[in-house]
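The following paragraphs lead the reader through one structure, topic by topic. Please keep the sequence and the coordinates at hand while reading.

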2 protein chains.
Amino acid sequence: MATGRNHRPATSRSRGIPEATVARLPLYLRALTALSERSVPTVSSEELASAAGVNSAKLRKDFSYLGSYGTRGVGYDVEYLVYQISRELGLTQDWPVVIVGIGNLGAALANYGGFASRGFRVAALIDADPQLAGKPVAGIPVQHTDELEKIISDNGVSIGVIATPAGAAQQVCDRLVAAGITSILNFAPTVLSVPEGVDVRKVDLSIELQILAFHEQRKAGEEPGASSGRRPGEAAAPDVDTAPPAAPPAVAVTKRPPESGPDGDLPAVMPA
Amino acid sequence: MATGRNHRPATSRSRGIPEATVARLPLYLRALTALSERSVPTVSSEELASAAGVNSAKLRKDFSYLGSYGTRGVGYDVEYLVYQISRELGLTQDWPVVIVGIGNLGAALANYGGFASRGFRVAALIDADPQLAGKPVAGIPVQHTDELEKIISDNGVSIGVIATPAGAAQQVCDRLVAAGITSILNFAPTVLSVPEGVDVRKVDLSIELQILAFHEQRKAGEEPGASSGRRPGEAAAPDVDTAPPAAPPAVAVTKRPPESGPDGDLPAVMPA
DNA sequence: CCATCTTTGTGCACGCGTTCACAAAGGCAT
DNA sequence: ATGCCTTTGTGAACGCGTGCACAAAGATGG
């Protein structure tokens, strides 16, 4: 999920810590921070797992990659674990971040408190619109794209957030990378190409919704048992397709693997 | 991933389509739509894969789950494939969506064009602040939380977007679910608990940044000589910088840093 | 000091997802 | 038709991630 291109070992077992584990550490950290604020001294893997919404065995295995920080019969020391995870994630140091594209989303991100809370500091806001230049957003004056390279260089920024329209994303990305950025969080609905060594993570609202729609459609089409029967008012054919817009390459009527689920869900009717 | 809780087979082999494949379909669809607009009649798996940023073998296997829509020696018919994927994802029907929490982020989402583009329609904006009630955001008047149940019921909404502060998220979630919502896109930095049958996908800016920071730190710590030749499995000695705050794995007596607001994350007050 | 109880840490097995590599299928030129 | 070339569709191998189940480790009480 973090690849801009497709390569990279993906294994990314940086030092032995699986990527899946890394992705969960922030979750644990959040739960632990909450416990810390309530002055809870220790937690068991069961409790913490529950708070983080994961399996306790998984949590223990995750922590085992960090080392053995628990005490058998007791659990984990909250404060200590907060520190260890923070350190592992690199949150004990300061991470200046630039946000490029100060539209609705960019502005919202700039105002987002989640940045500053954990070592992330918004070093600059950048936008291509000269009109915005100088105007403060979230207390930080917006700077023009022309300054991009200088800003990154001067502040030693290594993490960039792209919140521009899709059309400008790749271009901005290239400039960020050329300027020294090695980690990018991309909100633009585009696939970014980056050289090896640069990490890209994408946040795509549209994709998330489409995935939800898929499951939603499936739920609506299965609940009744066999026939259609949808809750959300509207009609719309479930799966049994309507007529496709364009004629298939005339080769469409291939044999369908009859191994379709035992639930005999949908008659695989192919457009003739 | 997409689970609010931890259970659920996760297999989710809806009809044989792996979850990982479903997550990529929107990517393919986007690439195909772009080709369609350029009136490109057909594409090979290689070309399309490149455009979507994935491996071509993976793409072919993904499509094989949908059926055989390609022509050997030629490739895939763009228009036809756009239709098939759209139908599979359930985008041929209308999906009314409600956004709860019209702060900076909620407003940005409301203005986001990505919604309407693919069958998703913002049916209503909901916020707990009476001040906002009636005021239009993105051309849609904000309604008060009191109306939540009625709005969902009247519009047959099945997908909800939570953009509230973390403290309010679970409560809002519960009400949404009780009102009939079965798919939730959660932007609040919290783990949501939902009954079985309800899908939750989360988008967490803070987590993404922390993951990036992890890799960033690793890059910074390895590039130079990388004197530390420790191998995985071994007791992980503290990385680069600073020494641990307090005691070793025995019993920590760490002190809390004076800073650090609430859980950070969102400018909101957490319920005790 | 010993017995018991709690909770961690992990070996192991299983299943999903990815990738390779190739046979089959179709187009196209001759 | 025949043969060659392109590209799909997929069988099989492999690796990662997950979860079970249990032995080891340590706390606690007598």
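At what angle do helix α7 and helix α8 of chain B pack, and how far apart are their axes? In this predicted model, helix α7 of chain B, residues 148-155, and helix α8 of chain B, residues 166-179, meet at an angle of about 35°, and their axes are 9 Å apart. The crossing of α7(B) and α8(B) is right-handed. On the side of α7(B), the contact is made by B:Leu148, B:Glu149 and B:Ile152, while α8(B) contributes B:Arg175, B:Leu176 and B:Ala179. Sorted by class, the contact of α7(B) with α8(B) comprises four nonpolar and two charged residues, with no polar ones.

Chain B also contains a sheet. It is open, has three strands in the order β1-β3-β2, and pairs in antiparallel fashion. In general, strands of a sheet pair through backbone hydrogen bonds, in either a parallel or an antiparallel arrangement. The edges of the sheet in chain B are formed by β1 (42-43) and β2, each of which pairs on one side only. Between β1(B) and β3(B) the antiparallel pairing extends over two bridges, and B:Thr42 stands opposite B:Asp77 of β3(B). Helix α4 of chain B, residues 78-89, packs on this sheet and touches β1 and β3 of chain B. The direction of helix α4 of chain B makes about 70° with that of β3(B).

Of the atoms of DNA strand C within 4 Å of the protein, 63% belong to sugar or phosphate and the rest to bases. Individual atom pairs show both kinds of contact. A:Lys61, by contrast, places a side-chain N or O atom 3.2 Å from a base oxygen of DNA strand C.

Which elements give two or more residues to the surface near DNA strand C? They are α3, β2 (70-71) and β3 (75-77) of chain A, together with α1 (19-37) and α3 of chain B. The most comes from α3(B), with four residues. By class, this surface near DNA strand C holds eight nonpolar, 10 polar and 10 charged residues.

DNA strand D has 27 residues around it, and A:Lys58, A:Lys61, A:Arg72, B:Ser45 and B:Tyr76 come nearest. Sugar or phosphate accounts for 65% of the atoms of DNA strand D within 4 Å of the protein, and bases for the rest. A side-chain N or O atom of A:Lys61 is 2.7 Å from a base oxygen of DNA strand D. In chain B, a polar side-chain atom of B:Arg60 lies 2.9 Å from a base nitrogen of DNA strand D, and an N or O atom in the side chain of B:Lys61 is 3.1 Å from a base nitrogen of DNA strand D.

At least two residues each of the surface near DNA strand D are supplied by α1 (19-37) and α3 (56-66) of chain A and by α3 (56-66), β2 (70-71) and β3 (75-77) of chain B. The largest share, four residues, comes from α3(A). The surface near DNA strand D divides into seven nonpolar, 10 polar and 10 charged residues.

Note on methods. Residues numbered from 1 in each chain as written. Chains lettered and ligands numbered in written order. Predicted model: local features only at pLDDT ≥ 70, side-chain atom pairs only at ≥ 80, totals over all residues. Heavy atoms only, no water. Near = heavy atom within 4 Å. Polar contact = N/O pair within 3.5 Å; in protein donor to acceptor, adjacent residues only side chain to side chain. Nonpolar A, V, L, I, M, F, W, Y, C, P; charged D, E, K, R; others polar. Pairing = 2+ DSSP bridges. Contact = heavy atoms within 4.5 Å. Axes fitted to C-alpha atoms, helices over the stretch in contact; angles between N-to-C directions. Left-handed = near helix turned anticlockwise from the far one by under 90°.
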